[in-house]
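I set out below, entry by entry, what I looked up in this structure. The entries follow the order in which I worked.

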Amino acid sequence: MNGAAHVAVRDFALDYGTGSQRMAAVQDLSLEVKPGEFVSLIGPSGCGKSTVLNALAGFMQPTRGLVQVDGAEIRGPSPDRGMVFQQYSLFPWMTVRQNVEFGLKMKGIGATERQRTARTLLSLAGVLAFENRYPDALSGGMKQRVGIVRALATGPRVLLMDEPFGALDSQTRAIMQSILLELWEASRISVLFVTHDIDEAIFLSDRIYVMTARPGRIKAELAVPLERPRTPDLAGSAGFLQLRSQLRELIREESLKAMGHEVGAVPADQRFGQDLAAVAPP
Amino acid sequence: MHGTLGNLPAVTAALAPQRARRAVPWATLRMLALGLASIALFLLAWHLLTTHRVVAHVRFTNVPTPQAVLARAALAFRDPQFQMNLLISCRRIGSGFLLATALGVPLGMLMGRWRLVREAVLPALELLRPIPAIAWVPISIMLWPTNEESIVFITFLGSFFPILLNTLLGMQGVDPILVRAARCLGAREAALFREIYLPAVLPQVFTGLAVGMGVAWVSLIAAEMIAGQYGIGYFTWEAYSLVSYADIVLGMACIGALGLLSSALVRLAARLAMPWNRAA
Ligand SMILES: Nc1ncnc2c1ncn2[C@@H]1O[C@H](COP(=O)(O)OP(=O)(O)OP(=O)(O)O)[C@@H](O)[C@H]1O
Ligand SMILES: [Mg+2]
């Protein structure tokens with residue numbers, strides 16, 4: 001039962017709305033997460049990243065295509081697939097520990113064992129001191145840490161993360177990334193991590209998928225051949241910088257498209273030059 | 001082990017918050033002073049107008065003085081008949097209000113959760129809602145075998161709609177992300193209701209209860225005045241018929257005090273039921 005799952009999305013399409021309002025959010029998207037792999041999904045705003053994640057969580061059915069975990073079609077939400085949301089989603093009426101225990105309680109696990117599991121995970125994430133506080137009293141970074149811990153508590157085989165650090169300042173963000181990697185190293189489950197932060201994707205992932213502007217498809221797939229465990233000073237290494245400029249160019253194209261611009265025949269390096277000339281003082 | 005010097009910082013630290021608490025801010029003092037002055041001024045005006053039996057279109061000839069009411073109150077509170085009137089009104093409010101809560105909250109939650117229920121129930125309710133509870137008095141007397149039941153029914157009607165509609169509104173405001181999070185963690189429908197929807201609508205439910213409590217009193221007093229035997233509303237109206245003017249004002253004062261008390265009870269319940277809610 002335990003261990004990491006294999007996630008597969010094949011020729012996935014999802015339309016929102018009906019009739020004349022019908023609109024394709026995602027089209028012909030295929031991706032996979034191998035057992036124990038940390039994979040990021042990166043793309044411009046509105047390209048359908050959350051849509052893919054929501055289908056994997058089981059909140060919506062694909063219009064076309066397959067969404068599978070270990071070869072079985074996803075029918076609905078399951079504690080096998082943990083989810084961390086873009087918005088803060090702790091239950092305000094439960095203390096931090098009750099939040100983390102919630103999934104275990106749903107599984108019918110006794111109070112003593114629930115408490116032990118929750119406290120172990122909370123201390124790993126450095127928020128044990130707040131176990132009896134309500135989420136209201138927590139900073140954004142702490143809330144998201146508890147959110148991650150809550151998703152991990154039931155022992156899921158896949159962790160789906162939808163821009164979990166999007167609302168945090170860059171300092172907190174960097175700390176959160178390290179904490180996330182520590183937690184992940186301890187369980188090594190499969191992770192699909194949505195972000196639009198390039199550095200974040202490189203720092204965390206084994207592999208990165210880049211999505212096109214809406215309707216979202218996979219534009220590129222990049223391996224991240226950087227060694228683990230990863231430390232923040234990795235950001236200065238040659239391998240990191242090369243990946244970063246590669247990703248930047250890919251995403252820039254799509255962001256421009258998303259804003260309604262066409263990317264013309266001008267070579268990439270010159271386009272950057274033009275942009276710089278436009279903002280630099282004469 | 002505990003040197004005098006070593007204890008000093010601890011002592012000052014322990015004193016500091018107390019000192020801060022003792023220092024009542026200027027704004028609070030002013031508010032208190034003005035509040036007392038406002039009440040004193042009202043009592044003075046009442047006293048002067050009634051002792052001098054002022055007639056200036058409005059006639060204070062028969063309005064009792066504050067002293068007369070106070071004297072009457074001292075007697076009445078020892079009178080078992082009067083005590084029973086108060087008790088009966090409280091019992092009617094209690095049963096009508098609890099009944100409205102017991103029906104309104106679950107129905108509101110079901111209507112909020114399932115569109116089908118909402119679409120089936122709401123039109124009929126919307127039809128009845130604009131009719132004030134007092135307008136139900138004659139029909140209610142015809143409907144229910146005892147007077148007591150019909151008065152409780154009126155009280156129930158008064159508080160039912162605010163409670164139901166606020167609960168429904170609260171359901172529509174439940175953050176869907178929280179529901180999704182719970183479903184991801186393995187919560188089924190029953191668990192969703194108990195662990196997510198119920199606590200999530202509580203703030204709105206208590207808004208409904210506060211409004212409902214107010215309307216319940218309005219409805220109860222009107223019903224007692226029209227159809228009552230016993231009850232503080234009946235007492236007040238009967239005092240008018242019996243020309244015991246001090247009792248009229250005593251009745252009014254009791255109704256006001258009970259209204260205040262029941263609102264405070266609702267607020268207290270809200271604070272106890274929602275320890276996470278600092279605003280409550
Ligand atoms: N319920 C919905 N009804 C209609 N359109 C929707 C709905 N949800 C999302 N969309 C649209 O579908 C597209 C993809 O949405 P999605 O939320 O998946 O994008 P995203 O990549 O997660 O964006 P972001 O980076 O802003 O979170 C967007 O253009 C969005 O406006
Ligand atoms: Mg999104």
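**Entry 1. Domains of chain B**

I began with the division of chain B, working throughout from a predicted model. Chain B falls into domain 1, residues 2–55, and domain 2, residues 64–273. I then took the centres of domain 1 and domain 2 of chain B over their C-alpha atoms and found them 34 Å apart.

I next asked how many residues of domain 1 of chain B are in contact with domain 2 of chain B. I counted 5 residues of domain 1 of chain B in contact with 6 residues of domain 2 of chain B. Between them, the two domains of chain B bury about 400 Å², and 74% of this area is on carbon and sulfur atoms. For the share of domain 1 of chain B in that burial, I noted W46(B), H47(B) and T50(B), which supply 86% of the area that domain 1 buries against domain 2, more than any other three residues.

**Entry 2. Surroundings of ligand 1**

I turned to ligand 1 and listed its neighbours. The shell holds 14 residues, and the closest are S45(A), G46(A), K49(A), S50(A) and T51(A). Sorted by class, the shell around ligand 1 contains 4 nonpolar, 7 polar and 3 charged residues.

I then looked up polar contacts to oxygen atoms of ligand 1. From the side chain of S50(A), an N or O atom lies 2.7 Å from an oxygen atom of the ligand. G48(A) places a backbone N or O atom 3.0 Å from an oxygen atom of ligand 1. For E163(A), I recorded a polar side-chain atom at 3.2 Å from an oxygen atom of ligand 1.

The most comes from α1(A), with 3 residues.

**Entry 3. Backbone geometry**

Most peptide bonds are trans, and most residues other than glycine have a negative phi.

In chain A, the peptide bond from R214(A) to P215(A) is cis, with omega near -5 degrees. I located P215(A) in the loop between β9 (207–211) and β10 (218–223) of chain A. R228(A) and P229(A) are also joined by a cis peptide bond, with omega about -5 degrees. P229(A) is in the loop between β10 and α7 (238–258) of chain A.

H57(B) sits in the loop between β1 (55–56) and β2 (58–59) of chain B.

Technical notes
Residues are numbered from 1 along each chain as its sequence is written. Chains are lettered from A and ligands numbered from 1 in the order in which they are written. This is a predicted model: local features need pLDDT of at least 70, side-chain atom pairs count only at pLDDT 80 or more; totals for chains, interfaces and linings use all residues. Side-chain values use heavy atoms; hydrogens and water are left out. A residue is near a molecule or strand if one of its heavy atoms lies within 4 Å of it. A polar contact is a pair of N or O atoms within 3.5 Å; within protein, one must be able to donate a hydrogen and the other to accept it, and residues adjacent in sequence count only if both atoms are side-chain atoms. Helices (H or I, at least four residues) and strands (E, at least two) are DSSP runs, numbered from the N terminus. Ala, Val, Leu, Ile, Met, Phe, Trp, Tyr, Cys and Pro count as nonpolar, Asp, Glu, Lys and Arg as charged, and the others, Gly among them, as polar. Domain bounds come from an automatic or database domain assignment. Contact means heavy atoms within 4.5 Å. Buried area is the accessible area (1.4 Å probe) that two parts lose on being put together, summed over both.
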